[in-house]
Amino acid sequence: MIVRTARPDEYDLVGELTVEVYVHGGLVSPQSSYVHKLRDAADRAAKAVLLVAEDAGQIAGAVAYCPPGTPYAELAGPDEAEFRMLAVLESARGKGAGRAMVRACVERARAAGLSGLRLSTQRNMESAQRMYEKMGFVRTPDHDWSPAPGFTLITYALSFRDAASGSPAQETT
């Protein structure tokens with residue numbers, strides 16, 4: 001599994017892949033105004049870092065890595081990054097694409113000297129939540145939020161500093 005920056009000629013494919021995962025996966029209603037944002041991979045690439053997971057020459061998934069202060073960073077503090085719109089095709093699940101993309105986001109945030117990485121997820125994305133927890137992310141219910149009435153996103157964070165020592169935290173595998 002290779003994780004790399006998406007190329008401009010792949011933006012339409014990435015947008016459609018993201019819509020397929022979220023809408024056809026039952027995570028977002030086809031009538032939701034969010035579908036337009038999911039489809040607009042070019043905007044994510046322009047305002048964040050659009051990464052793809054490639055497996056045997058085929059794009060298996062995508063994620064937006066959002067450095068602090070960028071328009072897609074809705075949750076992160078000034079010394080944190082976040083990632084959004086993690087999507088893995090059904091046919092590629094279980095092959096490590098999601099984990100590889102999250103690791104790539106962790107590596108980017110660490111390399112930038114940030115204190116941590118945050119994410120929002122839906123309550124029904126239980127397999128993703130298990131993956132985040134195995135990777136060392138912890139629930140941060142005080143940061144849960146509602147982008148629309150009646151719809152709450154739950155949040156997780158990975159701190160790169162051990163609270164007691166101030167030293168880098170270790171990722172669990």
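Mentor: Helices (H or I, at least four residues) and strands (E, at least two) are DSSP runs, numbered from the N terminus. This is a predicted model, where local features need pLDDT of at least 70 and side-chain atom pairs count only at pLDDT 80 or more, while totals for chains, interfaces and linings use all residues. Residues are numbered from 1 along each chain as its sequence is written, and side-chain values use heavy atoms, leaving out hydrogens and water.

Trainee: Okay, how far does helix 1 reach from its first C-alpha to its last?

Mentor: Helix 1 covers residues 11-24, which is 14 residues.

Trainee: Is E74 buried, exposed or partly exposed?

Mentor: E74 sits in the loop between strand 3 and strand 4. Buried means under 20% relative accessible area, exposed over 50%, and partly exposed in between (1.4 Å probe, protein chains only). Because E74 has 42% relative accessibility, it counts as partly exposed.

Trainee: And which residues is E74 in contact with, leaving aside its neighbours within four places in sequence?

Mentor: Contact means heavy atoms within 4.5 Å. With those sequence neighbours set aside, the partners of E74 are E82, R84 and W145.

Trainee: How far apart in space are E74 and R93?

Mentor: In sequence, E74 and R93 are 19 residues apart. Going C-alpha to C-alpha, their separation in space is 27 Å.

Key. Expected span 1.5 Å × (residues − 1).
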